[in-house]
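Here is a short report on one protein model. It begins with the pocket, then turns to the core and the overall fold.

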Amino acid sequence: MRLVLQRVTAASVRVGEELVGAIGPGLLVLVGVGRDDTHPIARRLARKVAAQRIFPDPAGRMNVSLLEIEGSALVVSQFTLYGETRKGNRPSFVAAAPPDLAVGVLAAFVSELRFLGVEVEEGRFGAHMEVSLVNDGPVTILMEV
(Lines give C-alpha, C1' and ligand atoms only; values in the text may rest on other atoms or scores of the structure.)
Protein backbone atom coordinates (compact mmCIF):
# COMPACT_ATOMS: atom_id res chain seq x y z
CA MET A 1 0.00 0.00 0.00
CA ARG A 2 1.04 3.54 -0.64
CA LEU A 3 -0.39 6.36 1.43
CA VAL A 4 -0.12 10.12 1.29
CA LEU A 5 -1.04 11.70 4.62
CA GLN A 6 -1.83 15.38 4.56
CA ARG A 7 -2.40 17.17 7.84
CA VAL A 8 -5.43 19.38 7.29
CA THR A 9 -7.60 21.90 9.06
CA ALA A 10 -10.42 20.88 6.70
CA ALA A 11 -10.91 18.57 3.72
CA SER A 12 -13.81 17.43 1.58
CA VAL A 13 -14.57 15.26 -1.42
CA ARG A 14 -17.31 15.71 -4.02
CA VAL A 15 -18.64 13.48 -6.75
CA GLY A 16 -20.31 15.81 -9.20
CA GLU A 17 -22.41 18.18 -7.14
CA GLU A 18 -22.73 15.72 -4.22
CA LEU A 19 -20.61 16.21 -1.09
CA VAL A 20 -19.70 12.64 -0.13
CA GLY A 21 -17.28 13.33 2.73
CA ALA A 22 -15.93 16.24 4.78
CA ILE A 23 -13.80 16.62 7.89
CA GLY A 24 -12.38 19.34 10.08
CA PRO A 25 -8.93 18.99 11.68
CA GLY A 26 -7.24 15.70 10.95
CA LEU A 27 -5.78 13.84 8.01
CA LEU A 28 -6.61 13.53 4.35
CA VAL A 29 -5.37 10.02 3.52
CA LEU A 30 -4.88 9.16 -0.14
CA VAL A 31 -4.67 5.37 -0.40
CA GLY A 32 -3.20 3.33 -3.23
CA VAL A 33 -3.64 -0.43 -3.01
CA GLY A 34 -1.09 -2.65 -4.72
CA ARG A 35 -1.54 -6.12 -6.19
CA ASP A 36 0.15 -7.84 -3.23
CA ASP A 37 -1.60 -5.94 -0.46
CA THR A 38 -3.69 -7.78 2.12
CA HIS A 39 -6.16 -7.03 4.89
CA PRO A 40 -3.49 -7.51 7.62
CA ILE A 41 -1.24 -4.99 5.84
CA ALA A 42 -4.14 -2.53 5.67
CA ARG A 43 -4.95 -2.93 9.37
CA ARG A 44 -1.28 -2.48 10.35
CA LEU A 45 -1.00 0.69 8.27
CA ALA A 46 -4.23 2.06 9.77
CA ARG A 47 -2.76 1.63 13.27
CA LYS A 48 0.42 3.37 12.11
CA VAL A 49 -1.56 6.28 10.60
CA ALA A 50 -3.60 6.76 13.77
CA ALA A 51 -0.45 6.80 15.91
CA GLN A 52 1.75 9.07 13.72
CA ARG A 53 2.88 12.00 15.85
CA ILE A 54 2.51 14.72 13.22
CA PHE A 55 0.29 17.22 15.03
CA PRO A 56 1.74 20.05 17.09
CA ASP A 57 2.07 19.89 20.85
CA PRO A 58 1.77 23.12 22.91
CA ALA A 59 5.41 23.93 22.05
CA GLY A 60 4.67 23.61 18.33
CA ARG A 61 6.61 20.36 17.85
CA MET A 62 5.15 17.47 15.87
CA ASN A 63 4.55 15.27 18.87
CA VAL A 64 0.82 14.45 18.97
CA SER A 65 -1.13 11.76 17.11
CA LEU A 66 -4.46 11.83 15.31
CA LEU A 67 -5.90 9.79 18.17
CA GLU A 68 -4.67 12.28 20.76
CA ILE A 69 -6.19 15.29 19.01
CA GLU A 70 -9.39 13.29 18.39
CA GLY A 71 -9.09 14.28 14.75
CA SER A 72 -10.88 12.82 11.77
CA ALA A 73 -9.66 11.11 8.62
CA LEU A 74 -10.92 11.58 5.08
CA VAL A 75 -9.88 8.43 3.21
CA VAL A 76 -9.79 8.64 -0.58
CA SER A 77 -8.77 5.75 -2.83
CA GLN A 78 -6.19 6.74 -5.41
CA PHE A 79 -4.83 3.98 -7.64
CA THR A 80 -2.65 6.55 -9.42
CA LEU A 81 -0.24 6.37 -6.47
CA TYR A 82 0.96 3.23 -8.24
CA GLY A 83 1.70 5.05 -11.50
CA GLU A 84 5.05 3.93 -12.88
CA THR A 85 6.74 6.73 -14.83
CA ARG A 86 10.27 5.47 -15.46
CA LYS A 87 9.56 4.58 -19.10
CA GLY A 88 7.83 6.78 -21.62
CA ASN A 89 5.43 9.62 -21.00
CA ARG A 90 2.31 7.71 -19.98
CA PRO A 91 2.16 6.17 -16.50
CA SER A 92 1.63 2.43 -16.22
CA PHE A 93 -0.69 1.22 -13.47
CA VAL A 94 0.01 -2.52 -13.66
CA ALA A 95 1.20 -2.57 -10.03
CA ALA A 96 -2.14 -1.24 -8.77
CA ALA A 97 -4.57 -3.80 -7.39
CA PRO A 98 -7.59 -4.70 -9.49
CA PRO A 99 -10.82 -3.15 -8.16
CA ASP A 100 -12.18 -6.36 -6.60
CA LEU A 101 -9.05 -6.67 -4.41
CA ALA A 102 -8.62 -2.95 -3.75
CA VAL A 103 -12.17 -2.48 -2.41
CA GLY A 104 -11.69 -5.10 0.29
CA VAL A 105 -8.23 -3.94 1.35
CA LEU A 106 -9.42 -0.33 1.50
CA ALA A 107 -12.42 -1.41 3.59
CA ALA A 108 -10.09 -3.19 6.04
CA PHE A 109 -8.04 0.00 6.37
CA VAL A 110 -11.12 2.14 7.06
CA SER A 111 -12.60 -0.44 9.43
CA GLU A 112 -9.40 -0.53 11.51
CA LEU A 113 -9.27 3.27 11.76
CA ARG A 114 -12.87 3.27 13.01
CA PHE A 115 -12.12 0.45 15.45
CA LEU A 116 -9.32 2.59 16.88
CA GLY A 117 -11.79 5.44 17.47
CA VAL A 118 -11.04 7.65 14.49
CA GLU A 119 -14.02 9.32 12.86
CA VAL A 120 -13.70 8.44 9.17
CA GLU A 121 -15.28 9.95 6.08
CA GLU A 122 -14.66 8.39 2.68
CA GLY A 123 -14.53 9.22 -0.98
CA ARG A 124 -16.37 7.03 -3.48
CA PHE A 125 -14.33 4.18 -4.89
CA GLY A 126 -13.93 4.33 -8.65
CA ALA A 127 -15.67 7.68 -9.04
CA HIS A 128 -14.22 10.85 -10.50
CA MET A 129 -13.78 12.91 -7.33
CA GLU A 130 -12.93 16.51 -6.54
CA VAL A 131 -10.89 16.71 -3.36
CA SER A 132 -10.46 20.01 -1.53
CA LEU A 133 -8.19 20.55 1.41
CA VAL A 134 -6.55 23.14 3.57
CA ASN A 135 -3.11 21.67 4.22
CA ASP A 136 -1.94 22.56 7.71
CA GLY A 137 1.76 23.31 7.89
CA PRO A 138 1.96 22.16 5.15
CA VAL A 139 2.62 18.65 6.43
CA THR A 140 2.61 15.82 3.92
CA ILE A 141 3.91 12.35 4.78
CA LEU A 142 4.47 9.44 2.39
CA MET A 143 3.96 5.96 3.80
CA GLU A 144 4.54 2.69 2.01
CA VAL A 145 4.65 -1.02 2.75
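The largest pocket of this predicted model has a volume of about 410 Å³. A pocket is an open set of points on a 1 Å grid over the protein atoms alone, where a 1.4 Å probe fits, with protein on both sides within 12 Å along at least five of seven lines. Its volume is the space filled by probe spheres set on the points, which are joined across faces, edges and corners.

The lining of the largest pocket has 23 residues (an atom within 4 Å of a point). Ser-77, Gln-78, Phe-79, Thr-80 and Met-129 lie nearest the pocket centre. By type, the lining has 16 nonpolar, seven polar and no charged residues. Here Ala, Val, Leu, Ile, Met, Phe, Trp, Tyr, Cys and Pro count as nonpolar, Asp, Glu, Lys and Arg as charged, and the others, Gly among them, as polar.

Helices (H or I, at least four residues) and strands (E, at least two) are DSSP runs, numbered from the N terminus.

β3 gives the largest share of the lining, four residues.

Now the core. The largest nonpolar core has 31 residues. Such a core joins buried Ala, Val, Leu, Ile, Met, Phe, Trp, Tyr and Cys residues through side-chain atoms within 4.5 Å; buried means under 20% relative accessible area (1.4 Å probe, protein chains only). Met-1, Leu-3, Val-75, Phe-109 and Leu-113 have the most contacts inside this core. The largest share, seven residues, comes from α3. A second, separate core has 12 residues, including Val-4, Ala-11, Val-15 and Val-20.

Which residues does Phe-109 touch, not counting those up to four places away in sequence? They are Met-1, Leu-3, Val-29, Val-31, Ala-42, Leu-45, Ala-46, Val-49 and Val-75. Contact means heavy atoms within 4.5 Å.

The fold comes next. The protein has three helices and eight strands. Their order from the N terminus is β-β-β-α-β-β-α-β-α-β-β. Of its 145 residues, 41% are buried. Among contacts with a separation of 6 or more, 73% join residues 24 or more positions apart.

The C-alpha atoms fill a box of roughly 45 × 35 × 30 Å along the principal axes.

Residues are numbered from 1 along each chain as its sequence is written. Local features need pLDDT of at least 70, side-chain atom pairs count only at pLDDT 80 or more, totals for chains, interfaces and linings use all residues, and side-chain values use heavy atoms, with hydrogens and water left out.

Methods:
Buried means under 20% relative accessible area, exposed over 50%, partly exposed in between (1.4 Å probe, protein chains only).
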